[in-house]
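Hello,

Here is the structure we talked about. Please open it and keep it beside you while you read the notes below.

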Amino acid sequence: MKNFQIIKALSSSSAVTGKAKDNSSMFIAGGTNLVDLMKKNIVAPDKLVDINGLDLKKIEFLKGKVSIGALAKNSQVAEDASIKEKYPLLALALAAGASQQIRHMATVGGNMLQKTRCSYYYNTDMPCNKRVPKSGCGAIGGSNRMAAVFGTSDSCIAVHPSDMCVALAALDAKVLVEGPKGKREINFTDFHRLPGNMPEKDNTLDSRELITAVEIPDNNFTKNVHYLKVRDRTSYAFALVSVAVALDIKNNTINDVRLALGGVAHKPWRLTETEKFLKGKTVSEDLFKQAGHLSMKGAKGFGDNNFKLTLGENAVAEALTIAASK
Amino acid sequence: MASKKTNQDKVTSEDASSRRDFIKKSGLFTALALTPPSLVMASEKKWDEKIAEYLETVPLSIEVNGTKHNLNIEPRTTLLDLLREQLQLTGTKKGCDHGQCGACTVHVNGTRILSCLSLATMQQNAQVTTIEGLSKGKKLHPMQEAFIKHDGFQCGYCTPGQIMSGIACIKEGHANSREEISEYMSGNICRCGAYHNIVDAITEVKEGGKEI
């Protein structure tokens, strides 16, 4: 690893100012992804701004919403009794990600900013437009079993690896950020972006901005929720396909629904069309099969990952069935 | 126990940064005349690596297994390398060094973490417990005894991480069933496949109710 300087930020504004002074600097929180990337020389900042001293660790239940500080640890949120009660889908998704050691280190803000695990991004001998713009995409025409099936471009077919983000996209979360120009909010579904011809840009955050919190509005999704993660081993593996589903069922009728997929796109893939289709309908196995089919409309495989088209359909139907039966 | 004196120099990194630029523009004698900021040029020009090393480090106070250390370390030193290379605590193992195997699991302020993904400089004033800190004199920790009793290892390389993780798994309240133990121990990989025996060991310690 290249050596670097490290400074400790004492406030979010000083963190932003400290970083803005030096464009090659980066924020560090849990470091579980960044330190790994630095060891592999995929990123090599001259300076790190350690933000762990900032007062951004609290989970606050406010009127009509919960505000989760960007530095709250993944395990802290996953095991918070009130989060489990009021936003169980988020707790389930968090518990499905990484290992307990990593969840103890990783923060909510860092989870959002983690890089893809596409093997071409990590192998510096291979071309990757995300790592080195204009160098080409090794995954297209290469080994692409983990790759995206939605929203891909000729430049990149990588997926966003987070589980937490799939639940946050489903639950209409908002991202609170602070930058040199002040504070702003970003809808969670607008936070991550599709690769287009700029796959090096994962999200819509300005390089000088700092995530300070994530807010989730109150909802009625406290019972019939499920996070189904299909992966190569039972635990501690990235998703091939994952489904975050939240149902509000009254008298066997779907009063409201939220649905999002992970492991299929460069961002958490919200299924608004399937949500519209399901709303107001009576719960049935056949309905959920149709929903699965509809959800994968427009998906495109790249060879090794063609299985995700069928897997996605079945996973959506299965997740809906499990959620409805809770 | 190897321990160096803390660098008394109170120069902040930002000061060091501007000084670094200054030094780059100045000559050797000017640079040497300054009190110790980061003397990057010495390292670039391979003048005297020992001077460069001293000047490129940051102070760290850390407590490991009850012993306080005041050290000067490079910012890029991971907690794992600090333990193994500087404090000679080689019980904590370097498996993958990329956060995928759990062999480097230690407790920091009572929480299990991966020391390979943790920068030591970010553990200022932390209390670290490693496998070496578990036994009381010659009396092994109940989890160590249970691993021996249940054959919780073959080659033993993952064992320190498994034991540190197993203790934390019980303390966190995630050892209530074999399934739950498997899930919450999934960050510790064992290539010999001693998983069943590891779960047996953790189950026995949990049910034994001894202080851990």
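Which residue just after helix 6 of chain B takes a positive phi? Asp151(B) does, with a phi of about 55 degrees. Helices (H or I, at least four residues) and strands (E, at least two) are DSSP runs, numbered from the N terminus.

This is a predicted model, in which local features need pLDDT of at least 70, side-chain atom pairs count only at pLDDT 80 or more, and totals for chains, interfaces and linings use all residues. Residues are numbered from 1 along each chain as its sequence is written, and chains are lettered from A and ligands numbered from 1 in the order in which they are written.

Helix 6 of chain B spans residues 142-149, and its buried residues are Met143(B), Gln144(B), Ala146(B) and Phe147(B). They lie on the same side of the helix because they cover an arc of only 160 degrees around its axis (the arc of the directions from the helix axis to the C-beta atoms). Ile148(B) and Lys149(B), on the other side of helix 6 of chain B, are exposed. Buried means that 20 or more other C-beta atoms lie within 10 Å of a residue's own, exposed 12 or fewer, and partly exposed in between, with C-beta atoms placed from the backbone.

In chain A, four strands form an open antiparallel sheet in the order 9-10-11-12. Its edge strands, strand 9 (224-230) and strand 12 (269-270) of chain A, each pair on one side only. Two strands pair if DSSP finds at least two bridges between them. Leu261(A) stands opposite Trp269(A) in strand 12 of chain A.

Regards
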